[in-house]
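Hi everyone, thanks for coming.

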Amino acid sequence: MYYSQCHTKTGLPREVVKWLQSLDLSFYPKNVRRDFSNGYLVAEIFSYYYPQDFPEHSYDKGTSLSAKQKNWSKIQRALQKQNLHLRKEVVDGTIHCKPGAAELLVNEVYAILTNQRIMDVQSPERDFTDQEYQELLPTLARSTASKAIKNNLSITEIMAEPNFSTNQRKAELILHRHLEHKAAERALNPGGSPRGDTNFLLGQI
């Protein structure tokens, strides 16, 4: 069935896929991470339930950081009127196309609007990194320290929060997690060859 194929492609639960298809959206999200990033589809979904608070014509279909921020600011204000809430870290992760963030956001929207609970919504906090993907790769194919930072600290994230100290802390956290994972790998595979990640200089990124 069509929704079975969409479930596989989008990574969304089957019931959420069927729900999205029932809304007759202006376009169906084939790439969840990309298509929900600017907030337009989120506003369109909420407009089916709260048409007065989410007029579709007031949202921008653009993909620039400015368009995303304006759309999401309007969405958040409209949600407050209805005493509804989306977690900031999930919204931010969606804006910056973080792995898993948009999927979790869609699940949250589904739960809010249908009163149906999704397991992911109640799961522990996620860090929205590419760790799960990296763990699927052979050890030698996994990211180096510098690549890990570039993969997990997006340009739009830096633009949205241009404070150097803030972004340095984010990079240091990514580096710390990366080195922890490398240490765990070496503990499990002591004969493996090191890749020199510990010599990485944060200031060179």
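Predicted model: local features only at pLDDT ≥ 70, side-chain atom pairs only at ≥ 80, totals over all residues.

The protein chain has 11 helices and 0 strands. Buried residues make up 42% of its 205 residues. If you take the contacts between residues at least 6 apart in sequence, 54% of them join residues at least 24 apart. As for the surface, the chain exposes about 12,000 Å², with carbon and sulfur atoms supplying 52% of that.

Let's look at helix 5, which covers residues 65-81. Which residues of helix 5 are buried? They are Leu-65, Ala-67, Lys-68, Asn-71, Trp-72, Ile-75, Ala-78 and Leu-79. These residues cover an arc of only 160° around the axis, which means that they sit on the same side of helix 5. Turn to the other side of helix 5 and you find Lys-70, Gln-80 and Lys-81, which are exposed. After the helix comes Asn-83, with a positive phi near 60°.

In soluble globular proteins, nonpolar side chains tend to be buried together. Here the largest nonpolar core has 36 residues, and those touching the most other members are Trp-19, Leu-20, Phe-36, Ile-45, Phe-46 and Val-109. Two or more residues each come from helix 2 (14-22), helix 4 (40-49), helix 5, helix 6 (88-95) and helix 7 (101-114). Helix 7 gives the largest share of this core, 7 residues.

On to charges. How many salt bridges does a search of the whole structure find? The search gives 3. One of them joins Arg-87 and Glu-108, with 2.5 Å from N to O. This pair links distant parts of the chain, 21 residues apart: Arg-87 is in the loop between helix 5 and helix 6, while Glu-108 is in helix 7. Both Arg-87 and Glu-108 are buried.

Another salt bridge pairs Asp-92 with Lys-88, and their closest N and O atoms are 2.6 Å apart. Both residues lie in helix 6, 4 residues apart, or about one turn of the helix. Asp-92 counts as partly exposed because its relative accessibility is 26%, whereas Lys-88, at 56%, counts as exposed.

Then there is the salt bridge between Asp-35 and Arg-34, where the closest N and O atoms are 2.9 Å apart. Asp-35 has a relative accessibility of 10%, so it counts as buried.

Finally, two loop residues for anyone who likes backbone angles. Asp-24 is not a glycine, yet its phi is positive, about 55°. You'll find Asp-24 in the loop between helix 2 and helix 3 (32-35), and it is exposed, with a relative accessible area of 61%. Cys-97 also has a positive phi, near 55°. Cys-97 sits in the loop between helix 6 and helix 7 and is partly exposed, at 29% relative accessible area.

That's my tour, and I'm happy to take questions.

Conventions:
Residues numbered from 1 in each chain as written. Heavy atoms only, no water. Expected span 1.5 Å × (residues − 1). Buried < 20%, exposed > 50% of the residue type's maximum accessible area, 1.4 Å probe, protein only. Arc of directions from axis to C-beta. Core = buried A, V, L, I, M, F, W, Y, C linked by side-chain atoms within 4.5 Å. Contact = heavy atoms within 4.5 Å. Areas by Shrake-Rupley, 256 points an atom, 1.4 Å probe, with all protein chains shown as cover. Salt bridge = Lys/Arg side-chain N within 4 Å of Asp/Glu carboxyl O.
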